[in-house]
Amino acid sequence: MCMLAIGYIDFRRLVIPDWLNIIVVVVGIVFRLQFGYLTLLAALLFGALVLLLFWGLRYVHWRVRGVVGLGLGDVKLAGAAAVWLDPWIFPVFMFVASAVALLYFCVAARRSADIMSLRVPFGPFLAFALFATWNFNIFYGQAIG
């Protein structure tokens, strides 16, 4: 339900409210607690690392281009998603989010007269990818490895 709210709000207002990101990370912490404190600590450290990497990417893009390309809500959501996901599935999460966002952009660009002014929120695609990769990892990851 939270992922649907993130997708809906970000598509409508191009912002992910902090309270939704807080819900994602808090529930992720509760999920990780069932595997022990060491697993929780590792998940929190990985989440912090991802948050810093995304913030750095956002900052470098802003310095080079002079335009903010990735919102802070997206940065926070990526960090929160990292708490939920194991590090080896995180690249799959990023691939799914990016591929679906690119597909959406291609469809939207065909309908837009001015492709340079087209603004595509990344949050809905991060939310979808978190839902998809976490479920895949939980339900099919056990059978794979």
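Modeller: One term before you ask anything: a nonpolar core is a set of buried Ala, Val, Leu, Ile, Met, Phe, Trp, Tyr and Cys residues joined through side-chain atoms within 4.5 Å. Keep in mind, too, that this is a predicted model.

Biologist: Okay, which residues touch the most other members of the largest nonpolar core?

Modeller: That core has 32 residues in it. In soluble globular proteins, nonpolar side chains tend to be buried together. The members here that touch the most others are Ile6, Val24, Phe54, Phe90, Phe93, Phe122 and Leu130.

Biologist: And which helix supplies the largest share of this core?

Modeller: Two or more residues come from each of helix 1, helix 2, helix 3, helix 4, helix 5 and helix 6. The largest share is seven residues, and the element behind it is helix 4.

Biologist: Let's pick out Phe122. Which residues does Phe122 touch, not counting those up to four places away in sequence?

Modeller: Phe122 is one of the core members that touch the most others. With residues up to four places away set aside, its partners are Asp10, Leu70, Asp74, Met94, Ala97, Ser98 and Ala101.

Biologist: Leu70 is in that list. Is Leu70 buried or exposed?

Modeller: Leu70 sits in the loop between helix 3 and helix 4. Leaving aside neighbours within four places, Leu70 is in contact with Phe54, Arg58, Val75 and Phe122. Its relative accessible area is 12%, and the cut-off is under 20%, so Leu70 counts as buried.

Biologist: How many residues line the largest pocket?

Modeller: That pocket holds about 1,000 Å³ of space. Leu70 turns up again, among the residues nearest the pocket's centre along with His61, Val68, Gly69 and Val120. By class, the lining has 18 nonpolar, four polar and five charged residues. The number of lining residues is 27.

Biologist: Which helix gives the most to that lining?

Modeller: Helix 3 (37–65), helix 4 (72–84) and helix 5 (90–111) each supply at least two lining residues. The one that gives the most, with four residues, is helix 3.

Biologist: On to the rings. Why is the pair of Phe11 and Phe125 called edge-to-face?

Modeller: A search of the whole structure finds twelve aromatic pairs. In this one the ring centres are 5.9 Å apart and the planes are at 80°. Planes over 60 degrees apart get the label, so Phe11 and Phe125 count as edge-to-face.

Biologist: How many residues apart are Phe11 and Phe125?

Modeller: Phe11 is in helix 1 (residues 2–13) and Phe125 is in helix 6 (residues 123–139), so the pair links distant parts of the chain. Phe11 is partly exposed at 37% relative accessibility, whereas Phe125 is buried at 6%.

Biologist: Last one. What is the phi of Leu14?

Modeller: Leu14 is in the loop between helix 1 and helix 2, and it is partly exposed, with a relative accessible area of 37%. Most residues other than glycine have a negative phi. Leu14 is not a glycine, yet its phi is positive, at about 55°.

Definitions and conventions:
Residues are numbered from 1 along each chain as its sequence is written. This is a predicted model: local features need pLDDT of at least 70, side-chain atom pairs count only at pLDDT 80 or more; totals for chains, interfaces and linings use all residues. Side-chain values use heavy atoms; hydrogens and water are left out. On a 1 Å grid over the protein atoms alone, a cavity is a set of points where a 1.4 Å probe fits but cannot get out, and a pocket is an open set with protein on both sides within 12 Å along at least five of seven lines; lining residues have an atom within 4 Å of a point. Grid points are joined across faces, edges and corners, and a volume is the space filled by probe spheres set on the points. Ala, Val, Leu, Ile, Met, Phe, Trp, Tyr, Cys and Pro count as nonpolar, Asp, Glu, Lys and Arg as charged, and the others, Gly among them, as polar. Rings of Phe, Tyr and Trp (its six-membered ring) pair if their centres lie within 6.5 Å; planes under 30 degrees apart count as stacked, over 60 as edge-to-face and the rest as tilted. Buried means under 20% relative accessible area, exposed over 50%, partly exposed in between (1.4 Å probe, protein chains only). Contact means heavy atoms within 4.5 Å.
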